Amino acid sequence: MNRGNRVTAQSEGFGRGILVVGGGISGITTALEAAEVGYRVVLIEQLPYLGGKVAMMNQYFPKLCPPWCGLEINFRRIRQNPRIQLLTSATVKKISGSEGNFYVFLEMKPEYVNHQCTACGDCEKVCPVERENDFNLGLDKSRAIFLPHEMAFPHKYVIDENVCLKDECGKCREVCKYDAINFGQSPEIIEIKVGSIVFATGWELFDVSQIPELKFGVFPDIITNLMMERMASPNGPNKGKIVKPSNGEAPKNIVFVQCAGSRDESYLSYCSGVCCSVSLKQALYLTEQDPEVNVKIFYVDLRLMGRHEDFLNRVQANPRIDLVKGKVGRIREEKETGNMICEAEDILSGIKISSVADLVVLATGMVPNVSPLEQISTDESGFVSAEKLEPGIYAAGCNKNPQEVSASLKDATGTALKAIQSAK
Amino acid sequence: MNKEAKKIGVYVCSGCGIGQSLDIDAIQSVASENNDISISRVHSFLCQKEGKEIIHNDIINKELNSIVIAACSPRVKTAEFSFDPSLVVERVNLREQVIWCNPPNEEDTQMLAEDYLRMGIARALVDEQPEPFISSTLNSDILVAGGGISGITSAIESAKAGYRVLLVEKEAQPGGWSSRLLKQVPYSDPFGTLQDPIIHEKIKELQNFKNITLLTSAEIKEISGQPGEFTASIFNNNSIIEYKVASIILATGWEPYNAANLIEFGYNIHADVVTNVELEEMAKSGKIVRPSNGQAVKSALFIQCAGSRDEKHLPYCSAFCCATSLKQAKYIRNLYTETRVFIVYKDIRMPGKLEYFYKEIQKDEQIFLTKGTVSEISEKNNQLVVTVKDTLIDEKINIKVDLVVLATGMTPGNSEDLNLTYRQGKGLPGLKYNFPDSHFICFPYETRRTGIYAAGAIRAPGTISACIEDATGAALKAIQCIESTKRGESVHPRSGDISYPELYMQRCTDCKRCTEECPFGAYDETEKGTPLPNPYRCRSCGICLGSCPERIINFKDFSINAVSSMIKAVHIPDEFEEKPRILAFVCENDAYPAFDMAGINRLQYSAYVRIIPVRCIGSVNKVWISDALSQGFDGILQIGCKPGDDYQCHFINGSELTKTRGENIQETLQTMMLEPERIRTEFVEINEFNRIPEMINDYLETIKEIGPNPFKEL
């Protein structure tokens, strides 16, 4: 990996170079697969660190294994590959040229912490500013200068420029022995020349507070599936202990609301393809963590494709997980207990059921994260429309199609080949 | 072997609190215990510009060939501590695994740091920088087995990247199953209407590539060799021709589940019960009629998951049948405006944008979707009566129809069609249900036969779109393997590693352990059982090194001697000091980072443990265990990643091997008259750093209970 030097270094490699936009698991995969063939790759990420959404996940389904294991391998591959140049806090501003000869303007946001940072942690101890920790989806706080997480790569501290007092305070700079902090940085634009470009800009969670009936943001004990992942993670807000946000107590009756906004013309008309498996996974680890937990999952269809069927069987064999066909249309509060009542209806049969919960998990779908560039066309749901992209420009992963990690990575690997064909 | 004399530079960093927590002068003096150390220095910020310059200057002026850096974890500051690739660089982790997990300025913390430096120096004295294995007979061609949608896609995509392809199809025409379709389920925006099968375009496109050779009515008789230099013998036109290829894509597709097994759905009993494959044939011929009498179909019923998601038949979901039935329902509705079509399903599985197609189908008021299970099919008045139970309204219903379509699933083709001459078998090892799929979510193209990548429906059941995507990815991996092989580099997961096992054959006893235990089938063997290594099949995990009782398998930078020297470098206090010593072999990819993260979180655990990272827990050789016990270590931990069905070992069976080899090790303990508890195996996931203190301290308690190792005094 070539880093520290922010101007494109021309290392040895085949062809004309490939730009990969997005440092989540799809972008990392595209970049590595192309670089390990022998091509030069510039990998850019808008945040100061790589890993995207999978770095936030506690476990992958159906193996219930930690995503960090694969990230560790991938970060090692990046570290040792001289053909990959990593640029963090970078976004694409403008693209000109055509297949084989693209000129790309990148905007580099100041990070204020340079690569001399050793992640020793002295700065964090003196930082007076607290902020909502976005990595933990606001479930806890961090300082304005912080190590995003234990696996953060590049492994260095990050400053939240929206809250940092910078020169007004300067305490972290004073205590840093390595000259790693500099508030004098300003944004820069750099130009790079590449043969092809892959957008792997990923997804964001659908803002489920748009659905008034589901009361997200109204009742504190209604959370999203991604919040559940952070809570369950060993480096999450409670070191992996799952609690009710309202009072810190362990929940006992948990209801999962599938298709919370998905397969619904008013919100997301598509199926995100992962939320069923995610909820089953979460139901499993919840019942494993606490022998008193009972889980009910309201679903429309259980979509666990291929070999994932075993995983469904495993969940069905768990006496404390109840799978019920029905779409939750409304959640209300049970006044006396403060519990929530989820009201579900099966659309085809019209049958109504309701269930009481002390924690509700909304299985919320994916919304594509798409770079606002003229070269990128989208379909009616906002996903990148791969067929409409001009030659030499490609999309990989969840900005193109809502899908699970392994499907995204097959796509990312194949897209690396497409990028090579254009850059050769 | 003419070994260059070692000239070692030792650099101790006192930054990040190391200097405040340890007696640095005492640490530095460890370096003077050894005569091969040319220079040792302490610097306060070794990773910064000045520190790096000092090391660079020493390398030149003192002609160093090995560097020992005692600073932070080898997982960080890698770029800063990268030097000329011909140098051996050994990182000693004084930060994450010493000062961050132990109290400062205590005797035990100091002893730990000094031992780690001794171990680092010992390793640097033995390690050599590997040089890549380069064969002179490498080629760059790709063999694609199977000329269906996946194989054709792989061939075209490889050819577009400039590679020559040999495409072998057993039938007289290319195209496979997808060329028999009337229409394809929507695969591009707006995903609303049926599309023409994409295969026909692809077959045409295939003919445009001069660098693709298509052999039809052809059969693979034998494949031998290794990536970069496979020899494939192919039977075609009544003769067998040998082709040299560098990598292989296995895309031999699928077969429909045998409907003859589905007597419960009346197949072969009632003439008007057909499979989805048969319905497609009818549709393609332009005539969908009742097979019993050739008359029009006035009503039809699709049974989803016919023999799928069913322990008696196929336990898995084939992932294409829902969409196919909706498509075929549309065929029927297009032919007959009055016909009612029922679809009885468990779940309608139309993920992603296929949902749009599902919505289109739902607009047709003559298509009825019902959740339920078909319990019986009978015939009455020249019609089929389908009994459906477990419906949402909990009633048993009888539906009378003219035609029943069974949505049957896919079974994988046989990967043994490759006819590999490998010692471990002719095909790719199958995962569950015999699909040679990847076990890993993060690495969908991980393969157990290096240079051979499965693609499409043989690997996992799915739609044509999924096969196309998969086949493109497999082509990239086949190309990547060719290029990595040319550089002498290993492919995933140790991609870029140029080291490979070297065997001192004079001492080989033909015990076959290496040829049996290699997870990637890298070793063939002679009739006598003598191993025949294939370095390009090797993934450098070191499991063969761990397996060899004669200790004849070594890598330049990972050897029996290197680890034994590290073990012997540790100072073992005598039993009266009451400072037990525990040696921990830890998996480099999961447990080692977990120890680092325990340090990052400043979790404290005993300073009596000495960690040696290994490529895989399966690479631990028994001799290291007896070395450690004779040396006086009181206990040994082997910490690997999770074994079992959901194993996390990227070398497949590394953790599993600790079980089978365990008995062998217990025998060693018995011969040494030692307690079985002196060795313990633990499995740690990378994110389980919170578990580490308890795990270490708990083992220490066990060791304290059984008392010191009696070999200490010897």
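How many salt bridges does a search of the whole structure find over all chains? The search finds 85. Keep in mind that this is a predicted model.

**Figure 1**
The size of an interface is often given as the accessible area lost when the parts come together. Three residues to look for are A:Lys63, A:Arg307 and A:Lys410, which supply 10% of the area that chain A buries against chain B, more than any other three residues.

Side chains of opposite charge can pair when their charged atoms come close. Between chain A and chain B the count is 12 salt bridges. In one between these chains, B:Arg75 pairs with A:Glu72, and their closest N and O atoms are 2.7 Å apart. Polar contacts join the two chains as well: 47 residue pairs, both at pLDDT 80 or more, are counted between chain A and chain B.

**Figure 1. A five-stranded sheet in chain A.**
Strands of a sheet pair through backbone hydrogen bonds, either parallel or antiparallel. In chain A, five strands make an open sheet in the order S13-S20-S14-S15-S16, and the pairing is parallel. Why is one side of strand S13 (222-224) and of strand S16 (321-325) of chain A left without a neighbour in the sheet? These strands stand at the edges and each has a single partner strand, so one side of each has no neighbour there. Averaged over the sheet and with direction ignored, neighbouring strands are turned by 20° against each other.

Look next at strand S14 (residues 253-260) and strand S20 (residues 359-364) of chain A, which run parallel and are joined by five bridges. A:Val257 has A:Leu362 in S20(A) as its bridge partner.

**Figure 2. Helices on the chain A sheet.**
Helix H5 (residues 225-232) of chain A packs on the sheet and touches S13 and S20 of chain A. The direction of H5 makes about 85° with that of S13(A). Helix H6 (residues 275-289) of chain A lies across S14, strand S15 (294-299), S16 and S20 of chain A. H6 runs at about 170° to S14(A).

**Figure 3. A five-stranded sheet in chain B.**
Chain B has an open sheet of five strands too, with parallel pairing and the order S13-S20-S14-S15-S16. Which strands of chain B are at the edges? Strand S13 (273-275) and strand S16 (367-371) are the edge strands, each pairing on one side only. Neighbouring strands of this sheet are turned by 20° against each other on average, direction ignored. Strand S15 (residues 340-345) of chain B runs parallel to S16(B), and five bridges join the two. Find B:Val344, and you can trace its bridge partner in S16(B), B:Thr370.

**Figure 4. A salt bridge along a helix of chain B.**
The side chains of B:Glu53 and B:Lys49 meet in a salt bridge, at 3.7 Å from N to O. B:Glu53 and B:Lys49 both belong to helix H3 (residues 49-61) of chain B and lie four residues apart, about one turn of the helix.

**Figure 5. Backbone details in the loops of chain B.**
Most residues other than glycine have a negative phi, and most peptide bonds are trans. Between B:Asp189 and B:Pro190 the peptide bond is cis, with omega about 5°. B:Pro190 sits in the loop between strand S6 (165-168) and helix H7 (199-207) of chain B. A cis peptide bond also leads from B:His492 to B:Pro493, where omega is near 0°. The loop holding B:Pro493 is between helix H11 (464-486) and strand S23 (502-503) of chain B. Finally, B:Ala319 has a positive phi, near 70°, although this residue is not glycine. Look for B:Ala319 in the loop between strand S14 (299-303) and helix H9 (321-335) of chain B.

Technical notes: Residues are numbered from 1 along each chain as its sequence is written. Chains are lettered from A and ligands numbered from 1 in the order in which they are written. Side-chain values use heavy atoms; hydrogens and water are left out. Buried area is the accessible area (1.4 Å probe) that two parts lose on being put together, summed over both. A salt bridge is a side-chain nitrogen of Lys or Arg within 4 Å of a carboxyl oxygen of Asp or Glu. A polar contact is a pair of N or O atoms within 3.5 Å; within protein, one must be able to donate a hydrogen and the other to accept it, and residues adjacent in sequence count only if both atoms are side-chain atoms. Two strands pair if DSSP finds at least two bridges between them. Axes are lines fitted to C-alpha atoms, for helices over the stretch in contact, and angles run from 0 to 180 degrees between N-to-C directions. Contact means heavy atoms within 4.5 Å.
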